[in-house]
Amino acid sequence: RHDALLDVVAAWNELLRNGAAPWWLEGNMLVGRGTAQFYVKTYRIRGTAVLRVGEERVVTRLLSRADRLNVLELALGHASPERDHAAILLHRIRDHAQDVVWPALGVTETTLAAADAPPAAPPVAEEEPPRERSPTLAALVRGEVRGALTASEWRALSSTARARQTLVQLRDHVRRRRRCGARLVLRMRQPEGLEPDTLRWLREVAAKESQFECAAITPGEVAAAEAASRTLRRAGGLQGALDRLVVWLARGVAVHEARHVADQRAHRGLESLLPCPACADDLGVRSRAELSAWLAEMAWGPSPFTTVLHACALPTRTATGRALHVLLRRLGPDTCGRPPEDLQERARRLERTLFERRERIRFVSPLPDRIGALVRS
């Protein structure tokens, strides 16, 4: 009775919309071998933004999850053939800000030097001037983020980025050890790091786990988590800085999802092959849709290098991964390491080449500067 259940959810959404209630429900059916489970994700509508894609007006809702289901969205936003608006998932953008963008702010040319040093090259003739190396992706991302924040917000995040990176890496190490039987799960949702009670408990766990070949966590890792959490607790202004960072990142996601909606209106691009004369024949429906949206985000969003950082962090064995492989290769030979400094202009030229379009994407109604303003709306 999948269709009947989804019709009930659609009716509820119609009631909520007619009553101007700031809520949105999303019904889902999880189908397995001989089983089907129906569940509903609940979102609070925090506001709306209006974008114009060429001449198309696209409404984008800013949502935050309100339920406590253990179902995590993989994307930062979504568009659907069943809806004529886009959705921006603020809670997922916050996760991305804390786990990918914030840690990247601690990566500098100095910290990359050891890993990035090329093999010794033969001496260059004296008459040939030394070639200046282009900035790394990390350096370009730092420049974008620094320009989006106030001086105090930048100091708050950049000075604590390595501490946040330590915690994210520890969480990922612990997660990988579940493959060999370890059962510990760490969550790093709070910007201030792990609580003292949690750290005391982890010390006890590490002491007990030391007798096992596959220890869930080691005393050294707990000590590193303590030092990183202490740095974060002592820092001031993290919450406000993250609020501004999240809304700034949301602008790029809004461009991405608005492109999806415009493609669906013009070509049913979420359901059938999007016209792409220069695309390979084996690039499927989902991959073409994602190629279009990611390219638009880099071409018209406020943070093209930070968008590349996100793209380079995603797995490749998916429809999105196949699209990004095509996109990143076309933008430059080392886009994930040292992207071209004219990245946005290249993205716009590539958009014309692949999709034969020149549709500028711009905001008609801008987003506020901080999440706090959205939460109060």
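How many residues does the largest nonpolar core have, and which of them have the most contacts inside it?

A: The largest nonpolar core has 88 residues, and Val145, Leu157, Ile217, Leu245, Met298 and Leu327 have the most contacts within it. Helix H9 (residues 238-267) gives the most to this core, putting in 15 residues. Before going on, keep in mind that this is a predicted model, where local features need pLDDT of at least 70, side-chain atom pairs count only at pLDDT 80 or more, and totals for chains, interfaces and linings use all residues. Residues are numbered from 1 along each chain as its sequence is written, and side-chain values use heavy atoms, leaving out hydrogens and water.

A nonpolar core is a set of buried Ala, Val, Leu, Ile, Met, Phe, Trp, Tyr and Cys residues joined through side-chain atoms within 4.5 Å. Buried means under 20% relative accessible area, exposed means over 50%, and partly exposed is in between (1.4 Å probe, protein chains only). Contact means heavy atoms within 4.5 Å. Helices (H or I, at least four residues) and strands (E, at least two) are DSSP runs, numbered from the N terminus.

Let's pick out Leu245. Leaving aside neighbours within four places in sequence, Leu245 touches Ala97, Val101, Val145, Leu149 and Leu157. Apart from this core lies another one, of six residues, including Trp24, Ile45, Leu63 and Leu89.

Next up is helix H10. Of its 16 residues, 14 are buried, so H10 is largely enclosed by the rest of the structure. Thr320, in helix H12 (residues 319-331), is buried too, with a relative accessible area of 15%. Beyond its neighbours within four places in sequence, Thr320 is in contact with Arg286, Glu290, Trp294 and Leu314.

How much of this can you trust? pLDDT is the predictor's confidence in each residue, from 0 to 100. The protein chain averages 89, and 92% of the residues score at least 70. Helix H10 (residues 285-300) has the highest confidence, at a mean of 97, while helix H3 (residues 109-116) has the lowest, at 40. Over residues 109-132, pLDDT stays under 50, and the model has 11 contacts beyond four places in sequence for that stretch. Where pLDDT is low, the predicted coordinates should not be read in detail.

Zooming back out, the protein chain holds 14 helices and six strands, and 47% of its 377 residues count as buried.
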